[in-house]
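Student: Could you walk me through this model, starting with how the inside is packed?

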Amino acid sequence: MTDLLEPRAIGRPLERIEGRDKVRGLAPYAYEHPVSDPLYLHPVQATIARGRVVAIDTGGVAFPGVVAILTHENAPRLASDENRELWVLQSDEVHYRGQFVAAVIAETPEIAREAAGQVRVEYEQQAHDAELRPDRPDLVRPDKVNPSFDTDTQEGDVEAALATAAVRIDQTYTTPMEHNNPMEPHATIALWADDRLVLWDSTQSAHGVRKTMAAVCGLDPAQVRVISPHVGGGFGSKGTAHPHNALACLAALAVPGQPVKFALSRQQMFVVAGYRTPTVQRIRLGADADGRLTALAHDVVEQTSKVKEFAEQTAVASRIMYAAPNRRTSHRLAVLDVPVPSWMRAPGETPGMFAAEVALDELAVACGLDPIELRIRNDPESDPESGRPWSGRNLVGCLKEGARRFGWDVRDPKPGLRRLGDWLVGTGVASSTYPCYVFPGSKATIQYGTDQRYVVRIGAADIGTGAWTALTQIAADALGCPVEAVRLEIGDSDLPMATVAGGSSGISSWGSAIVAAATAFRERHGTDPGPGAREDAEITQPPASRTHALHSFGAQFAEVHVHADTGEIRVPRMLGVFSAGRIINPRTARSQFIGGMTMGLSMALHEESVMDARFGHVINHDLAGYHIAVNADVKDIDAVWLDEHDPHSNPMGSRGIGEIGIVGAAAAIANAVWHATGIRVRDLPITPDKVLS
Amino acid sequence: MDARVTLTVDGSRRELTVDTRTTLLDLLRDRLGAMAPKKGCDHGQCGACTVLIDGRRATTCLAFAVAHDGATVTTAQGLSNGAELHPVQQDFLDHDAFQCGYCTPGQICSAVGMIEEARAGHPSHVTRDLTGPVVLDDEEIRERMSGNLCRCGAYVNIVAAIRDVILKETPP
Ligand code: FES
Ligand code: FES
């Protein structure tokens, strides 16, 4: 058990602290920080997927306004190639199409871009391999899957249980390559002056980028400062440094004393900023005649890059979801000449739960059971994997509350029966889950100011999550003061260490540090501190329980309309019910939940990065070709949550909510499409051609 | 090639020499430091760079600065009067119609322009009666706001905010 804060500010729907600045466009994002006399960088990208650069001709580039041209031959030397993705302009090797092979620094963006277009690069092209197929003989078993889960698990005898099961499902599901596409393109302003490197960067982790770039550049971390008070979305792609960070640092080192601005174009983001791997997932389920699972196997094939391994943990959620006594999960990788996949909102859970929750719907149909009832029958009393008790597993509560609000009880389970004019109507349900991560290492400082406010400092990030507001609320409750008496400072690596805004861990990790600092502050300075009184605290051990399994759960409901003649699919209604511990700020929390569900709708119906394996290139690399849900695609989406707190997670009783909203959403829609049409679509996205065939 | 342009941006007259390849968006951001319009795609595909040019909404990444000599540009910053928010900004705040805020200035300019278009009787793809006055119901709002992408997925709240603005403006 953790000592829980008494919630006073926590739980109130406070308006976003930075909201007034954001609606006027005054909150500065990375590229927007005022710097004097900046230079502009435009990169040159490889036009082959594998090979070597044999010659670079910059003869045509010598026109006014060009300050420097960087290539692997003249760029400053980096210190560490531990992360090969960041080994930018250090060798002649080309590992994927679009890799940076040169860059122009110029006085204006127009000149930089024109000049980059004049750089002539000659290659020695080698045969590349960019095709993900599950039947490849050279699939690789990674040592771990992200971040450090076992690659494979096995319990009992799946084959034997399947052989004797009364009901069996054996299907393959696929999810495509998807790109995070935050609205703010990744951007960095880099300045090397007085032996210090300052980066105004769009990142989910100022401290992470500082540490990484210091190592890459061979600098002491104290020489590097990363500033990012506002971040225009990230969804994982800004969780770690990418090649543009290295290139910006190289440019700064090449032109000391002058700030260099580098914003990725939307097209460049499809190469160097990470993406969700495509997946091929075989799911086998065995159940007795009552729908009780006897066997569950989830075997995944996905891709990684030759230049750096990233293994998505796609099947991990299947290890904890349902109580099958015989279980196995596995992950295999095709290692390709492609850009490096990375985190995208709920990596693992998002693609994995699409497959698993559609499979469960298929099992419900095969057993003649209501899909909610099937899930209730298989709800495990303790974590099937570790055997630990749940800190709070309220999936059944979510399903029941959702069923009541959504009007599930009047549903006729038979598919293809309901019509509204030319539209076929169906409803679907799926479960959602996400682990509660609390990372060690965050530090917070609290200082009492002459203005009689408490300055709370921590190098955390707000990427649209509402962290500015939620952390202020937590600090107020931890100090026992009104929120107006707290002045929060985040988004700067000169502030105390904060772990990444990733894995839905931000509020849990940073909030715990703030609570620890506040407790120490009150112990030392009492309730009537003098100006300048100060205390700090670090979270070395996460407060989260080791005796309990900590996971959030949810139930996703969707209604879909499918046009009988054109196959057009609309989603008039979605409802999410979540069990995620205590909700710090209901206003921003609802936005996060419905934002995640909206991204899930987008995943279900629109998103697909189309890789042309002949060239190793995503052909629809902009927002006209890569569709994300627009306003007209979304109608009624609502999210509610169960009123609860988790006594085992952290002093706030919260579990993190940034990712769970997307998990299961696409499955609920796919299941509703089946209910509307009788057609089972197992390959995302669900486009009209798939329901017309 | 360079050219002289004169613009009124958020109430101040600005005169400058620009590379003729400079977009209005880059002029605003890189030359004038007016950062309220955002660059999300530079291809007219996201709406983040939306401002009002002579009162009409426009994507500034698709506009060359030289082609707008003499224009009056209003960004989201110029919609407010210092700390006093424009009613659309206030409703975006009240409805939490954003998360990261990067699409927001564009959404807000777009909403202001869109309400005017409807008032002037411009029909949209979903307008049923092409001759009568336009009623901005939710379907019309969604359709007309679909040029402004929001990756954070704030659409539900954006529609609620704009609906509220329209309700408040409609005489009972
Ligand atoms: S930046 Fe102009 S529409 Fe995207
Ligand atoms: S609020 Fe983040 S993109 Fe709209």
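Predicted model: local features only at pLDDT ≥ 70, side-chain atom pairs only at ≥ 80, totals over all residues.

Student: Which residues touch the most other members of the largest nonpolar core?

Tutor: They are Ile669(A), Ile686(A) and Ile162(B), in a core of 145 residues. Helix 7 of chain A, residues 349-367, gives the most to this core, with ten residues.

Student: And is there another core?

Tutor: Another core of 44 residues lies apart from the largest one, and among its members are Leu39(A), Ala190(A), Val216(A) and Met269(A).

Student: Back to Ile162(B): what does it touch, leaving out residues up to four places away in sequence?

Tutor: With those set aside, Ile162(B) touches Phe92(B), Ala111(B), Met114(B), Ile115(B), Ile141(B) and Met145(B). As a general point, nonpolar side chains in soluble globular proteins tend to be buried together.

Student: Which residues of helix 3 of chain B are buried?

Tutor: In helix 3 of chain B, which spans residues 87-94, the buried residues are Val88(B), Gln89(B), Asp91(B), Phe92(B) and Leu93(B). Their cover includes helix 1 (19-23) and helix 12 (586-605) of chain A, together with helix 2 (76-79), helix 4 (104-119) and helix 6 (155-169) of chain B.

Student: How does helix 3 of chain B pack on helix 4 of chain B?

Tutor: The two helices pack at an angle of about 125 degrees, with their axes 10 Å apart, and they are therefore oblique to each other. Their crossing is right-handed. Val88(B), Gln89(B) and Phe92(B) of helix 3 of chain B make the contact with Thr104(B), Gln107(B), Ile108(B), Ala111(B), Val112(B) and Ile115(B) of helix 4 of chain B. By class, that contact has six nonpolar, three polar and no charged residues.

Student: What about the pair made of helix 12 and helix 13 of chain A, what angle do they pack at?

Tutor: Helix 12 and helix 13 of chain A pack at about 50 degrees, with their axes 7 Å apart, so this pair is oblique, and the crossing is right-handed. On the helix 12 side of chain A, Met597(A), Gly600(A), Leu601(A), Met603(A), Ala604(A) and Leu605(A) meet Ala665(A), Ala666(A) and Ile669(A) in helix 13 of chain A. The residues of this contact divide into eight nonpolar, one polar and no charged.

Student: And helix 10 with helix 11 of chain A: roughly parallel or roughly antiparallel?

Tutor: The axes of helix 10 (residues 467-479) and helix 11 (residues 506-525) of chain A come within 9 Å and cross at roughly 30 degrees, and that makes helix 10 of chain A roughly parallel to helix 11 of chain A. The crossing here is right-handed. The contact includes Leu471(A) and Ile474(A) from helix 10 of chain A, and Trp510(A), Phe521(A) and Arg522(A) from helix 11 of chain A. Its residues divide into 13 nonpolar, one polar and one charged.

Student: Changing topic, where are the cis peptide bonds you would show me?

Tutor: One joins Asn146(A) and Pro147(A), with omega about -10 degrees, and Pro147(A) lies in the loop between strand 7 (144-145) and strand 8 (149-150) of chain A. Another joins Leu684(A) and Pro685(A), with omega about -5 degrees, and Pro685(A) is in the loop between helix 13 (665-677) and helix 14 (688-692) of chain A.

Student: Last one: where is Arg328(A)?

Tutor: Arg328(A) lies in strand 17 (residues 326-336) of chain A and is partly exposed, with a relative accessible area of 23%. Leaving aside neighbours within four places in sequence, the contacts of Arg328(A) include Thr153(A), Gln154(A), Arg284(A) and Asp299(A).

Notes. Residues numbered from 1 in each chain as written. Chains lettered and ligands numbered in written order. Heavy atoms only, no water. Core = buried A, V, L, I, M, F, W, Y, C linked by side-chain atoms within 4.5 Å. Buried < 20%, exposed > 50% of the residue type's maximum accessible area, 1.4 Å probe, protein only. Helix = DSSP H or I, 4+ residues; strand = E, 2+ residues; numbered from the N terminus. Contact = heavy atoms within 4.5 Å. Axes fitted to C-alpha atoms, helices over the stretch in contact; angles between N-to-C directions. Parallel < 35°, antiparallel > 145°, perpendicular 65-115°, else oblique. Left-handed = near helix turned anticlockwise from the far one by under 90°. Nonpolar A, V, L, I, M, F, W, Y, C, P; charged D, E, K, R; others polar.
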